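Notebook open, structure loaded. I want to work through a few loop residues and then the chain as a whole.

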Amino acid sequence: QVELVESGGGLVQAGGSLRLSCTASGRPFSNYAMGWFRQAPGKEREFVATISRNGNSADYADSVKGRFTISRDNAKNAVYLQMNSLKPEDTAVYYCAADFKLSLISTTSASSNYDYWGQGTQVTVSS
């Protein structure tokens, strides 16, 4: 069993920045690829970013490319999402997720592939 706990959400003005963190426990952290997803009110959950087990591969949704950066620290069992130039449309609950089926350098944007999910952290961007 893996437990994921997100933190770092909050209220920020448009153009501002936030850094989300997700810490994991229960299995060696380097055993799983990580992803960030988000869900806005009335909308389906959508892919934001993913990073491979070794941190050398990453992928982003087109809507966040150039603004968001995913990173991980396997020694700290943590994955991060640095969010810059935030827009009101980034408002959502952000979830981290873990996939332990992938190879060392693979990533996936499909939410159905992920095995464990955190409880989410709210990000609100005011205009």
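I started with Asn77, which counts as partly exposed because its relative accessibility is 27%; the cut-offs are under 20% for buried, over 50% for exposed and partly exposed in between, with a 1.4 Å probe and protein chains only. Asn77 sits in the loop between β7 and β8. Its phi is positive, about 55°, although Asn77 is not a glycine. Most residues other than glycine have a negative phi.

Ground rules, noted before going on: this is a predicted model, where local features need pLDDT of at least 70, side-chain atom pairs count only at pLDDT 80 or more, and totals for chains, interfaces and linings use all residues. Residues are numbered from 1 along each chain as its sequence is written, and side-chain values use heavy atoms, with hydrogens and water left out.

Next I looked up Ser85, another non-glycine with a positive phi, about 50°. I found Ser85 in the loop between β8 and β9. Ser85 is partly exposed, with a relative accessible area of 41%.

From Ser85 I went to Phe37, 48 residues away in sequence and 18 Å away in space, C-alpha to C-alpha. Phe37 belongs to strand β4 and is buried, at a relative accessible area of 1%.

Then Ser52: is it buried or exposed? Ser52 counts as buried, since its relative accessibility is 0%. I placed Ser52 in the loop between β5 and β6 (58–60). For its surroundings I used contacts, meaning heavy atoms within 4.5 Å. Not counting residues up to four places away in sequence, Ser52 touches Ala33, Ser57, Arg72, Leu104, Ile105, Ser106 and Thr107. I also checked Cys96, which is 44 residues from Ser52 along the chain, with 13 Å between their C-alpha atoms.

On to the whole chain. I count zero helices and eleven strands; these are DSSP runs numbered from the N terminus, helices being H or I of at least four residues and strands E of at least two. The radius of gyration is 13 Å, close to the 14 Å that the globule rule gives for 127 residues, so the chain is as compact as a globular protein of that length. That radius is taken over C-alpha atoms, and the rule is 2.2 Å times the number of residues to the power 0.38. Along the principal axes, the C-alpha atoms fill a box of roughly 40 × 25 × 25 Å. Of the 127 residues, 45% count as buried.

Last stop, the core. How many residues does the largest nonpolar core have? It has 35, and those with the most contacts inside it are Leu4, Met34, Trp36, Leu81, Met83 and Tyr94. The set is made of buried Ala, Val, Leu, Ile, Met, Phe, Trp, Tyr and Cys residues joined through side-chain atoms within 4.5 Å. Elements giving two or more residues to this core include β4 (33–39), β8 (78–83) and β9 (92–99). The largest share, five residues, comes from β9.

I closed with Met83. Leaving aside neighbours within four places in sequence, Met83 is in contact with Gly16, Ser17, Leu18, Leu20, Arg67, Phe68, Tyr94 and Val123.
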